[in-house]
Amino acid sequence: MEIAVGKGFLVLTLSGSSFHGKSIRKTCASLKGFNWTSARKGHSLTPCTTLVQAHQRPTWLPGLDPPPHLDGTLAGDFGFDPLGLGEDPESLRWYVQAELVHARFAMAGVAGILLTDLLRVTGIRDLPVWYEAGATKFNFASTTTLLIIQLLLMGFVETKRYMDFLDPGSQAKPGSFFGLEAALEGLEPGYPGGPLLNPLGIGKDIKNAKDWKLKEIKNGRLAMVAMLGIFVQASVTHVGPIDNLIEHLSNPWHKTILQTIAASSS
């Protein structure tokens, strides 16, 4: 949006600067049919006006100009890169995919931890607390067998994802996955599609699904923060998140994070 002061002026941009998320451009103008240069002998009387161009894009810190490599085209881009990690375009492309994968794992992890902890605390199911679940023994297979199967399956999926990252669309070509390519066809790198991975057809037009992408990455970032909180909470209190919540609600003014940390350090 540009606002120009003056009436009947032909605006010519001469210089520019910016502050607090606004682009301020000083411009000089000449009135039609009037020779400003000859108005006074030996002087150039060129009237100047100021154009204010306000950026409508929100940033993580209001009033802060985002770095040039974060131009707002990425989903969830609020100009946050204090270390300049994304200045290299190829690195930025990789970081985008890495954040997306970690966000999805965090969302699945938080949901799984809260659900199983709720079932455990209410007595509906006899389940271990989440940080001890990995030591659980199963009758149908040994721990070694389960580990090998997980490594094979996860390794296969991650290899396919990495290959699609290097050559977008290559994993949807005929013959690349036993004739099942149509069922797993990706919409673009990081966004798998098809009836198996997108049965509801949400965001099918991935190029115009910016709102869906924004919602996903926002929830994913919140989940990553939540996972960090769950890790720290378990390390300090040695119980699950539902137990921590119940204890806090039993005495909200005296069972807080500050009292918990103080008690654990004493």
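1. Arg104 sits in helix 1, which runs over residues 89–122. Helices here are DSSP runs (H or I, at least four residues), numbered from the N terminus. Keep in mind that this is a predicted model, where local features need pLDDT of at least 70, side-chain atom pairs count only at pLDDT 80 or more, and totals for chains, interfaces and linings use all residues. Residues are numbered from 1 along each chain as its sequence is written, and side-chain values use heavy atoms, with hydrogens and water left out.

2. What does Arg104 touch? Leaving out neighbours within four places in sequence, Arg104 is in contact with Gly190, Tyr191, Pro192 and Glu216; contact means heavy atoms within 4.5 Å.

3. Glu216 is worth a look from its own side. Glu216 lies in helix 4, residues 210–237. Not counting residues up to four places away in sequence, Glu216 touches Arg104, Leu100, Met107 and Tyr191.

4. On the annotation: an unreviewed UniProt entry lists Arg104 and Leu184 under "binding site", and the UniProt "binding site" annotation, also unreviewed, covers Glu216. UniProt positions are given in the numbering used here, feature names are shortened, and annotations may be inferred rather than shown by experiment.

5. Now the helix pair itself. Helix 1 and helix 4 pack at about 60°, with axes 7 Å apart. (Axes are lines fitted to C-alpha atoms, for helices over the stretch in contact, and angles run from 0 to 180 degrees between N-to-C directions.) That angle is why helix 1 counts as oblique to helix 4: under 35 degrees is roughly parallel, over 145 roughly antiparallel, 65 to 115 roughly perpendicular, and the rest oblique.

6. Who meets whom? From helix 1 the contact includes Leu100, Arg104 and Met107, and from helix 4 it includes Glu216, Gly220 and Met224. By class, this contact has 12 nonpolar, 4 polar and 4 charged residues. (Ala, Val, Leu, Ile, Met, Phe, Trp, Tyr, Cys and Pro count as nonpolar, Asp, Glu, Lys and Arg as charged, and the others, Gly among them, as polar.)

7. Helix 1 also packs with helix 2 (residues 143–166), at about 150° with the axes 12 Å apart. Among the contact residues are Trp94 and Phe105 of helix 1, and Tyr162 and Phe165 of helix 2.

Definitions and conventions
Helices (H or I, at least four residues) and strands (E, at least two) are DSSP runs, numbered from the N terminus.
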